[in-house]
Amino acid sequence: MDTLEKITKKLRENGYRITKQRQYILEAFIQQQENILTAQQIYEKVLKKNSRVNFSTVYRNIEILEETEIIHKIPTEKGYGCYKLNEEEQHHHHFICKDCGKTEVIDFCPLKQMEEQFKEKEFFPTEHSFEIFGYCNKCKKKR
């Protein structure tokens, strides 16, 4: 089963139809699987296939894809979120290139090392984010 089929199945299991707009959004993610995308970048890619789509439609669909865990939002150092196709079945973090947006999965979660401190402080985290921004080797060489 390919990526688009898996995603389509997951959307249907969650009660969502596969509209043309959703299909175009998913295709944008699949074409850019190694990179993070802003909502604006996704909108521009969809606009090339459907000139009548509006930004709010794309954004609402992004929210649905995030809610169903097909994509996940990655906070950026610039203060807005970017999105990436969720290819990993388990919790994970990323290395992110500040130039090209290429992402690599980090093999561990630093939060696990803090569990004892949470117990001592009687703190119960509900969510967290850990991304490392820098430059991939290709972009570093360009600089």
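**Helix packing and ring pairs**

Reply: Gladly. Keep in mind that this model is predicted. In it, Gln21, Arg22, Ile25, Leu26 and Phe29 of H2 touch Thr57, Val58, Asn61, Ile64 and Leu65 of H4. Of the residues in this contact, six are nonpolar, three polar and one charged.

Me: How do I read the geometry of two packed helices?

Reply: Two values describe packed helices: the angle between the axes and the distance between them. Here the axes of H2 (residues 20-31) and H4 (residues 55-67) come within 10 Å and cross at roughly 70°. That makes H2 roughly perpendicular to H4.

Me: Is the crossing of H2 and H4 left-handed or right-handed?

Reply: The crossing is right-handed.

Me: Now the rings. How do I read an aromatic pair?

Reply: Use the distance of the ring centres and the angle of the planes. The count here comes to three aromatic pairs. Tyr43 and Phe55 make an edge-to-face pair, with 5.5 Å centre to centre and 80° between the planes. Tyr43 sits in helix H3 (residues 39-49) and Phe55 in helix H4, so this pair ties together parts 12 residues apart in sequence. Tyr43 is buried, at 16% relative accessible area. Phe55 is partly exposed, at 34%.

Me: What kind of pair do Phe118 and Phe123 form?

Reply: Phe118 and Phe123 form a tilted pair, 6.0 Å centre to centre, with 40° between the planes. Phe118 is buried at 15% relative accessibility. Phe123 is partly exposed at 49%.

Me: Which residues form one aromatic cluster?

Reply: Tyr43, Phe55 and Tyr59 do.

Methods:
Residues are numbered from 1 along each chain as its sequence is written. This is a predicted model: local features need pLDDT of at least 70, side-chain atom pairs count only at pLDDT 80 or more; totals for chains, interfaces and linings use all residues. Side-chain values use heavy atoms; hydrogens and water are left out. Axes are lines fitted to C-alpha atoms, for helices over the stretch in contact, and angles run from 0 to 180 degrees between N-to-C directions. Helices (H or I, at least four residues) and strands (E, at least two) are DSSP runs, numbered from the N terminus. Angles under 35 degrees count as roughly parallel, over 145 as roughly antiparallel, 65 to 115 as roughly perpendicular and the rest as oblique. A crossing is left-handed if the near helix is turned anticlockwise from the far one by less than a right angle, and right-handed if clockwise. Contact means heavy atoms within 4.5 Å. Ala, Val, Leu, Ile, Met, Phe, Trp, Tyr, Cys and Pro count as nonpolar, Asp, Glu, Lys and Arg as charged, and the others, Gly among them, as polar. Rings of Phe, Tyr and Trp (its six-membered ring) pair if their centres lie within 6.5 Å; planes under 30 degrees apart count as stacked, over 60 as edge-to-face and the rest as tilted. Buried means under 20% relative accessible area, exposed over 50%, partly exposed in between (1.4 Å probe, protein chains only).
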